[in-house]
Amino acid sequence: MSTELVHMVPGGWVGVGVAAAFVLLLLMLVLQKPKKPVKPVISRFKDTLVNRDHRYCLGIDERTGGYFFAINVVNPYIEYDEYYAISEAEYSTFQADVAAAVEFAKSCGRHEQDHRLIEKPGKLRGSYVASTSKT
């Protein structure tokens with residue numbers, strides 16, 4: 001490479017090296033095979049009944065075909081759902097009987113149903129807020 005060209009590139013030889021590395025990086029990004037998109041976990045759970053007053057929902061786990069009961073929990077940083085596996089009979093009961101569903105939600109909030117958790121929570125586990133209604 002002539003020294004005239006090097007003087008035209010800011011930074012001399014170092015500038016040429018940085019520019020070449022940048023071009024190689026762009027080529028790698030353009031030529032790499034596209035990765036298979038990852039289906040988000042949240043789309044796994046299809047809600048069929050949502051009770052906003054008592055902060056729970058029922059639905060179908062599309063990965064397994066089973067049923068779930070989810071409670072809304074909050075920690076100092078984020079609000080999220082905890083998903084519990086339930087039977088078809090419980091699913092039917094909780095759809096028809098709000099009091100039974102609320103009692104189950106409270107039991108989940110007290111960690112009495114942890115053996116049913118579909119996904120184990122992290123170290124900073126949230127707390128269930130039982131109701132948003134003022135009654």
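**Ground rules**

This is a predicted model, so I let local features in at pLDDT of at least 70 and side-chain atom pairs only at pLDDT 80 or more, while totals for chains, interfaces and linings use all residues. Residues are numbered from 1 along each chain as its sequence is written, and side-chain values use heavy atoms, with hydrogens and water left out.

**Confidence**

I checked pLDDT, the predictor's confidence in each residue from 0 to 100. The protein chain has a mean of 84, and 76% of its residues reach 70 or more. Helices (H or I, at least four residues) and strands (E, at least two) are DSSP runs, numbered from the N terminus.

**Strands**

I went through the pairings next; two strands pair if DSSP finds at least two bridges between them. Strand β1 (residues 45-51) runs antiparallel to β2, with six bridges. On that side, asparagine 51 has tyrosine 56 as its bridge partner, and aspartate 47 stands opposite glycine 59. Four residues sit between the strands in the β1 and β2 hairpin, where arginine 55 takes a positive phi near 60°.

β2 is also antiparallel to strand β3 (residues 67-74), with five bridges. Isoleucine 60 stands opposite tyrosine 67 there. The β2 and β3 hairpin has five residues between the strands, and glycine 65 takes a positive phi near 85°.

Why is strand β2 largely enclosed by the rest of the structure? Because five of the six residues of β2 (residues 56-61) are buried.

**Aromatic pairs**

I searched the whole structure and got eight aromatic pairs. Rings of Phe, Tyr and Trp (its six-membered ring) pair if their centres lie within 6.5 Å; planes under 30 degrees apart are stacked, over 60 edge-to-face, the rest tilted. Phenylalanine 45 and tyrosine 83 have ring centres 3.8 Å apart and planes at 10°, so I logged the pair as stacked. This pair links distant parts of the chain, with phenylalanine 45 in strand β1 and tyrosine 83 in strand β4 (residues 79-86), 38 residues apart. Phenylalanine 45 counts as buried at 7% relative accessibility, and tyrosine 83 does at 11%.

Tyrosine 83 also pairs edge-to-face with phenylalanine 68, at 5.3 Å centre to centre and 75° between the planes. Phenylalanine 68 is in strand β3 and tyrosine 83 in strand β4, so this pair ties together parts 15 residues apart in sequence. I also noted one aromatic cluster, formed by Tyr56, Phe69, Phe94 and Phe104.

**Cores**

A nonpolar core here is a set of buried Ala, Val, Leu, Ile, Met, Phe, Trp, Tyr and Cys residues joined through side-chain atoms within 4.5 Å. The largest has 16 residues, of which Tyr56, Phe69, Ile71, Ile86 and Phe94 touch the most other members. β2, β3, β4, α3 (88-96) and α4 (98-109) each give two or more residues to this core. α4 has the largest share, five residues. Apart from this core lies another, of five residues, including Cys57, Phe68, Ala70 and Tyr83.

Beyond its neighbours within four places in sequence, isoleucine 71 is in contact (heavy atoms within 4.5 Å) with residues including Arg55, Tyr56, Tyr84, Cys108 and Tyr128.

Notes
Buried means under 20% relative accessible area, exposed over 50%, partly exposed in between (1.4 Å probe, protein chains only).
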